[in-house]
Amino acid sequence: MMKEALLVIDVQNEYFSGNLPITYPKTSLISILQAMDAACAAEIPVVVIRHTSTAPDALSFRFGTPAWELHPEVKKRPYDLLIEKALPGSFTDTDLDAWLRDQSVNSVTISGYMTQMCCDSTARQAFHNGYGVKFLSDATGTLSVTNRAGTISDTDLHRAVLVTQQMRFSQVMTTAEWIRSLELAYG
């Protein structure tokens, strides 16, 4: 029997009013909140994860700044655990794995930001640790990226990660599909 938990990764003000505004998909926050509400209604554990940059001169995710704070809509919803992390993978140097195992969770659902960074890293870690993984296509999000390696649009970056996740690591689904699966499994 699958017992799942919803992971809400890095839904912090940095992605709304800070240096890294999420641009795709436009309704990702609405989908994240719908997933949180559905998990709560189905009595599925919700784990909120918050990123903190450990660099003293960090431009983003600096501890204690308004941009570092959880988004107010996430903050006001019930959750079972708050995990603090300093690296992209939510399992690295945290108590996430131990807590999930203590709760007999064997499947995690990925939501949050950014699709290609912390969501992708956490999904791969979960898969490597033996968890079933669901990846919510419309409750994860990203932005366009330009760096020394090139440029990629938000849409193409998001789609590339979803296609890669579905190849091996996760079952990619919409929030509505996930909510229907909860209704079937947990009635």
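**Close-up views of a predicted model**

**View 1. The annotated stretch, residues 5–175.** Across residues 5–175 of this predicted model, the chain is 33% helix and 25% strand, with the end C-alpha atoms 14 Å apart. In UniProt, an unreviewed entry lists these residues as "domain: Isochorismatase-like".

**View 2. The largest nonpolar core.** Welcome to a core of 26 residues, where L6, V8, M36, Y113 and W178 have the most contacts inside it. At least two residues each come from β1 (4–9), α1 (28–41), β2 (46–51), β5 and α6 (175–186). The top contributor is α1, which gives 7 residues.

**View 3. The surroundings of V8.** Here we look at one of the residues with the most contacts inside the largest core. Setting aside neighbours within four places in sequence, V8 touches I32, M36, V46, V47, V48, I49, V74 and S111. A second, separate core has 23 residues, among them A5, L7, V105 and F135.

**View 4. F91 meets Y131.** The structure holds 6 aromatic pairs. In the pair of F91 and Y131, the ring centres are 5.8 Å apart and the planes lie at 35°, so this pair is tilted. F91 sits in the loop between β3 (81–85) and α3 (96–102), while Y131 sits in the loop between α4 (115–128) and β5 (132–141), so the pair links distant parts of the chain, 40 residues apart. F91 counts as buried at 10% relative accessibility, and Y131 counts as buried at 4%.

**View 5. A cluster of rings.** Finally, meet Y15, F16, F61 and Y113, which ring pairs link into a cluster.

Definitions and conventions
Residues are numbered from 1 along each chain as its sequence is written. This is a predicted model: local features need pLDDT of at least 70, side-chain atom pairs count only at pLDDT 80 or more; totals for chains, interfaces and linings use all residues. Side-chain values use heavy atoms; hydrogens and water are left out. Rings of Phe, Tyr and Trp (its six-membered ring) pair if their centres lie within 6.5 Å; planes under 30 degrees apart count as stacked, over 60 as edge-to-face and the rest as tilted. Helices (H or I, at least four residues) and strands (E, at least two) are DSSP runs, numbered from the N terminus. Buried means under 20% relative accessible area, exposed over 50%, partly exposed in between (1.4 Å probe, protein chains only). UniProt positions are given in the numbering used here, feature names are shortened, and annotations may be inferred rather than shown by experiment. A nonpolar core is a set of buried Ala, Val, Leu, Ile, Met, Phe, Trp, Tyr and Cys residues joined through side-chain atoms within 4.5 Å. Contact means heavy atoms within 4.5 Å.
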